[in-house]
Amino acid sequence: MKGIVFTEFLDLVEDKFGLEMVDKIISQSKLESKGYYTAVGTYSFSEMLQLLQNLSLNTKISIDNLLLVFAEHFFSVLVRDYPSVIASYKDPIEMISSVESHIHVEVKKIYPNAELPTFTVVEKCNDYLSMIYKSGRAMHYFGLGLMKKTFEHFNTTAKIDFQKIKDDGTEVKFIIQKIT
Ligand code: HEM
């Protein structure tokens with residue numbers, strides 16, 4: 001997992017819960033990196049999982065909710081760091097349905113070792129999109145948060161539902177209905 005995910009995550013933890021919480025979750029986790037992350041580095045996903053698990057234990061907020069809030073923050077990072085990618089879209093359904101075929105393809109060019117999910121579009125029209133998320137990291141709540149923020153970014157709203165195809169969240173169908 002890319003370092004920028006860790007640096008942004010710990011910044012958000014500091015912002016919401018204070019520096020003591022950052023120190024606490026780092027010391028409660030067994031981290032090969034010792035909690036020193038650089039934005040351009042690459043670290044094991046298990047480090048993120050431990051940080052999330054410990055933050056969840058300390059705050060009593062579920063991992064799913066933590067991932068959702070983190071994704072909403074991460075969207076602003078994407079807008080800040082990749083403005084031209086986002087500016088190439090005029091519509092949220094166009095953007096979300098292009099994550100697999102365009103956006104993450106560009107991400108792979110910048111970071112060849114990025115660990116990305118796959119999104120397969122099932123059905124798409126002007127105000128409706130269904131697609132299947134697959135990833136061993138089961139970060140579908142992170143995807144949900146990014147999708148919600150994508151609609152907000154284009155000053156639109158949507159009803160976004162999902163159904164787990166696999167109970168562990170490694171395969172999830174998203175159903176997105178734009179509200180016009
Ligand atoms: C992960 C880039 C838009 C879904 C990531 C990662 C990067 C990235 C750098 C981390 C990879 C790693 O740690 O190795 C971008 C950029 C975007 C964008 C530059 C737009 C400018 C989106 C959107 C969605 C999405 C709109 C939702 C449909 C995800 C998910 C992950 C992820 C779910 C977590 C990894 C996983 O589930 O396996 N993305 N992304 N991304 N992205 Fe994107």
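The model is predicted: local features need pLDDT of at least 70, side-chain atom pairs count only at pLDDT 80 or more, and totals for chains, interfaces and linings use all residues. Residues are numbered from 1 along each chain as its sequence is written, and side-chain values use heavy atoms, with hydrogens and water left out.

Start with helix α1, residues 3-17. Helices here are DSSP runs of H or I with at least four residues, numbered from the N terminus. Two packed helices are described by the angle between their axes and the distance between the axes. Axes are lines fitted to C-alpha atoms over the stretch in contact, and angles run from 0 to 180 degrees between N-to-C directions.

The axes of α1 and α2 come within 6 Å and cross at roughly 130°. The pair is therefore oblique. (Angles under 35 degrees count as roughly parallel, over 145 as roughly antiparallel, 65 to 115 as roughly perpendicular, and the rest as oblique.) From α1, the contact (heavy atoms within 4.5 Å) takes F9, L10, V13, E14 and F17. From α2 come L19, E20, M21, V22, I25 and I26. By class, this contact has nine nonpolar, no polar and two charged residues. Ala, Val, Leu, Ile, Met, Phe, Trp, Tyr, Cys and Pro count as nonpolar, Asp, Glu, Lys and Arg as charged, and the others, Gly among them, as polar.

Now turn to α1 and α3. Their axes come within 11 Å and cross at roughly 10°. That makes α1 roughly parallel to α3. The crossing is left-handed, meaning that the near helix is turned anticlockwise from the far one by less than a right angle; clockwise would be right-handed. V5, F6, F9, L10, V13 and F17 of α1 meet E47, M48, L51, L52, L55 and T59 of α3. Ten of these residues are nonpolar, one is polar and one is charged.

M21, K24, I25, I26 and Q28 of α2 touch L51, N54, L55, N58 and T59 of α3. This contact has five nonpolar, four polar and one charged residues.

Finally, the ligand. A backbone N or O atom of K2 lies 2.7 Å from a ligand oxygen. A side-chain N or O atom of S135 is 2.6 Å from an oxygen atom of the ligand. For R137, a polar side-chain atom lies 2.9 Å from a ligand oxygen.

Conventions: Helices (H or I, at least four residues) and strands (E, at least two) are DSSP runs, numbered from the N terminus. A polar contact is a pair of N or O atoms within 3.5 Å; within protein, one must be able to donate a hydrogen and the other to accept it, and residues adjacent in sequence count only if both atoms are side-chain atoms.
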